[in-house]
Amino acid sequence: MEALTHTDLQDAFKRKSLGEYHLPELEHVDWGVLDYLGWIHPTGHAGYVAMPIQKQVKGLVLKRMVNHGGRPRTHMCSWCHHVYRSRGTAMFSTIVEGSDGRRTIGNYICGNLDCSLRIRNLTSDPPTYLPETIHIDRKIVRLRIAVSAFMTRANLLSDLL
Ligand SMILES: [Zn+2]
């Protein structure tokens with residue numbers, strides 16, 4: 001993806017109430033291996049996703065819930081389709097824009113919001129289960145479509161139509 005600046009991120013998230021919003025360090029980001037920029041709030045209770053769509057950077061603020069209790073289960077990231085044998089995903093949810101807080105949507109997504117590294121085999125902690133054999137280009141397209149579909153469901157893209 002193209003490199004983003006802090007100004008891009010502030011624009012992308014300008015309409016959200018971010019509370020203790022935490023901008024990531026951008027100096028050492030390797031943009032060439034990212035499809036979206038994702039980062040986790042230091043508390044672990046929130047995640048942020050920024051992705052350029054049709055020349056506008058769109059930002060998602062997500063509530064993040066990690067399942068610490070119970071038996072470890074197999075979970076697949078709904079964005080990049082990576083399968084974790086136990087922990088690795090988190091439930092990320094967001095309030096649908098314009099719903100006055102009445103509607104939320106959520107998905108199990110890679111808990112560190114590192115789908116781009118997962119599909120390129122650039123990270124293996126925690127390890128992945130059941131690796132896929134489809135070509136990286138198809139994984140990239142599928143990931144970008146999944147993130148934009150989530151943003152569409154969150155009503156973030158209506159001003160682009
Ligand atoms: Zn993922």
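I count two strands as paired when DSSP finds at least two bridges between them. By that rule I looked at strand 3 and strand 6, which pair in the antiparallel sense over three bridges. I keep in mind that this is a predicted model.

**Entry: the sheet**

I followed the bridges residue by residue. What does arginine 64 face in strand 6? Its bridge partner there is phenylalanine 92. For methionine 65, the bridge partner in strand 6 is methionine 91.

Then I moved on to strand 7. Strand 6 and strand 7 run antiparallel and are joined by seven bridges. In that strand, cysteine 110 stands opposite threonine 89.

Strands pair through backbone hydrogen bonds, either parallel or antiparallel.

**Entry: helix 3**

I checked the length of helix 3 first. At 1.5 Å a residue, its 18 residues should span 26 Å. The end C-alpha atoms of helix 3 are 26 Å apart, so the two values agree.

Which residues of helix 3 are buried? I found Lys139, Leu143, Ala146, Val147, Phe150 and Met151. These residues lie on the same side of helix 3, because they cover an arc of only 135° around the axis. I looked for their cover, which includes strand 2, strand 3, strand 7 and helix 2.

I turned the model to the other face. The face of helix 3 turned away from its buried side carries the exposed residues Asp137, Arg138, Val141 and Ile145.

I took aspartate 137 as a test case. It sits in helix 3. Why is aspartate 137 exposed? The cut-off for exposed is 12 or fewer other C-beta atoms within 10 Å, and aspartate 137 counts as exposed because it has 8 C-beta neighbours inside 10 Å.

**Entry: the core**

I went to the largest nonpolar core, which has 31 residues. Which members touch the most others? They are Val49, Ala50, Trp79, Cys115 and Val147. The largest share, five residues, comes from helix 3.

I picked out cysteine 115 from that list of core residues. What is cysteine 115 in contact with, leaving aside neighbours within four places in sequence? I noted Cys77, Trp79, Cys80, Cys110 and Leu143. Two of these names were in my notes already. Cys110 is the residue of strand 7 opposite threonine 89, and Leu143 is one of the buried residues of helix 3.

**Entry: positive phi**

I looked up two residues here. Phi of histidine 81 is near 70°, a positive value in a residue other than glycine. Histidine 81 lies in the loop between strand 4 (75-76) and strand 5. It is partly exposed, because 17 other C-beta atoms lie within 10 Å.

Asparagine 155 is not a glycine, yet it has a positive phi of about 65°. Where is asparagine 155? It comes just after helix 3. Asparagine 155 has 16 C-beta neighbours inside 10 Å, so it counts as partly exposed.

**Entry: a loop residue**

Is serine 86 buried or partly exposed? It counts as partly exposed, because it has 14 C-beta neighbours inside 10 Å. I also took its distance to glutamine 54. Serine 86 and glutamine 54 are 32 residues apart in sequence and 36 Å apart in space, C-alpha to C-alpha.

Notes:
Residues are numbered from 1 along each chain as its sequence is written. This is a predicted model: local features need pLDDT of at least 70, side-chain atom pairs count only at pLDDT 80 or more; totals for chains, interfaces and linings use all residues. A nonpolar core is a set of buried Ala, Val, Leu, Ile, Met, Phe, Trp, Tyr and Cys residues joined through C-beta atoms within 7 Å. A residue is buried if 20 or more other C-beta atoms lie within 10 Å of its own, exposed if 12 or fewer, and partly exposed in between; C-beta atoms are placed from the backbone. Helices (H or I, at least four residues) and strands (E, at least two) are DSSP runs, numbered from the N terminus. Two residues are in contact if their C-beta atoms, placed from the backbone, lie within 7 Å. The expected span of a helix is 1.5 Å times one less than its number of residues. The arc is that of the directions from the helix axis to the C-beta atoms.
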